[in-house]
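Hi everyone, thanks for coming. Let me put a structure up on the screen, and then we can walk through a few parts of it together.

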Amino acid sequence: MIPKTSNVFNFFSEYFQILLGIVLASIGLKAFLLPNGFMDGGVTGIALLINKLININISILLIVFSIPFLIIGYFTVSKRIILKSIISIIGLALFIHFENFEIITEDKFLISIFGGLFLGAGIGIAIRNGAVLDGSEILGIFINDRFGISIGKVILVFNIILFSITAFVISKEIAMYSILTYIVTAKVTDLVIEGFEDFIGVTIVSTHYEKIKVAIINELGAGMTIYKGQKGFGSKGKTEDFDIIHTIINRIDIKKMYRIVTSIDKEAFIVEFDVNNVKGGVLRRYLAKKSKKLDKNLTKNNLF
């Protein structure tokens with residue numbers, strides 16, 4: 001049973017981080033994008049576009065245009081996420097309304113990059129803690145749930161339409177810089193959500209599995225899971241028992257891993273696959289204390 005003190009700490013930690021996300025997103029908007037007429041994608045982009053055309057308070061527009069997406073989310077995601085999102089969106093609107101930053105730069109390229117950076121960091125931190133600052137993510141979840149179209153494609157189409165309208169109504173230059181802002185925002189959001197560590201999974205099939213296991217542990221410091229396998233040879237049906245190695249490493253070490261394996265067995269069968277998130281185990285020790293050698297003793301069933 002989780003202690004109450006732990007629950008209280010997690011509660012305050014989540015909302016503190018959401019507050020931090022709101023502050024970062026509002027800096028991106030008020031210090032960079034809004035004063036220079038730039039836009040972003042999603043609901044924020046719609047609010048900025050309407051503000052540019054009609055000059056209605058951006059804070060009011062953010063709340064108004066978020067309502068339909070929150071209603072959709074009510075039938076799609078958990079009520080807790082909706083509650084957090086309502087608090088986050090209102091908080092962002094209030095920060096934008098009361099903050100008063102000086103214009104940091106008038107360089108359009110820097111505005112796009114740093115505006116997107118702050119906005120993406122804020123959105124990413126909020127999402128990591130179960131809230132959204134932009135309703136377009138909820139729309140993506142809803143359409144994915146109903147029609148099976150990927151969330152990324154839904155958001156992409158949504159923003160293509162938005163930026164096309166921007167190019168037609170305002171200017172092509174603003175639309176192009178806004179696309180750059182959106183790309184930076186999206187990439188930073190992904191980076192914050194997924195973390196700075198870029199993992200890759202590797203499965204290795206080789207008759208020289210014992211040497212490869214030891215080499216990976218000693219030279220890469222990575223943990224692994226070992227599966228029992230059986231290999232057939234030719235028409236005679238000859239079989240041989242061996243171990244299948246499954247490990248997860250940082251992508252920067254993938255070339256080194258290939259060199260290690262091919263130096264032992266040039267015929268080894270290697271499969272790579274992307275890994276979105278990893279928690280616990282030897283892998284974390286590998287990333288934090290890579291220079292230290294791990295114990296050479298291997299547990300057959302589960303090493304990370």
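Predicted model: local features only at pLDDT ≥ 70, side-chain atom pairs only at ≥ 80, totals over all residues.

Residues are numbered from 1 along each chain as its sequence is written, and side-chain values use heavy atoms, leaving out hydrogens and water.

Helices here are DSSP runs of H or I with at least four residues, strands are runs of E with at least two, and both are numbered from the N terminus. The chain has 11 helices and four strands. Of its 304 residues, 43% count as buried, meaning under 20% relative accessible area, with exposed being over 50% and partly exposed in between, using a 1.4 Å probe and protein chains only.

Back to S13: its relative accessible area is 23%, so S13 is partly exposed. S13 and N129 are 116 residues apart in sequence, yet their C-alpha atoms are 9.0 Å apart in space.

Now to helix α2, residues 42-54, and helix α3, residues 58-74. Their axes come within 9 Å and cross at roughly 135°; axes are lines fitted to C-alpha atoms, for helices over the stretch in contact, with angles from 0 to 180 degrees between N-to-C directions. The two are therefore oblique, the class left over once angles under 35 degrees are called roughly parallel, over 145 roughly antiparallel and 65 to 115 roughly perpendicular. Contact means heavy atoms within 4.5 Å, and among the residues that meet are I46 and L48 of α2 with L61 and F65 of α3. By class, that contact has 10 nonpolar, three polar and no charged residues. Nonpolar covers Ala, Val, Leu, Ile, Met, Phe, Trp, Tyr, Cys and Pro; Asp, Glu, Lys and Arg are charged; the others, Gly among them, are polar.

α3 has another partner: the axes of α3 and helix α6, residues 136-147, come within 9 Å and cross at roughly 40°. F69, L70, I72 and G73 of α3 make this contact with S136, I138, L139 and F142 of α6. These divide into six nonpolar, two polar and no charged residues.

Last stop, helix α9. Its buried residues include Y209, I212, K213 and L220. Just after α9, G221 takes a positive phi of about 70°.
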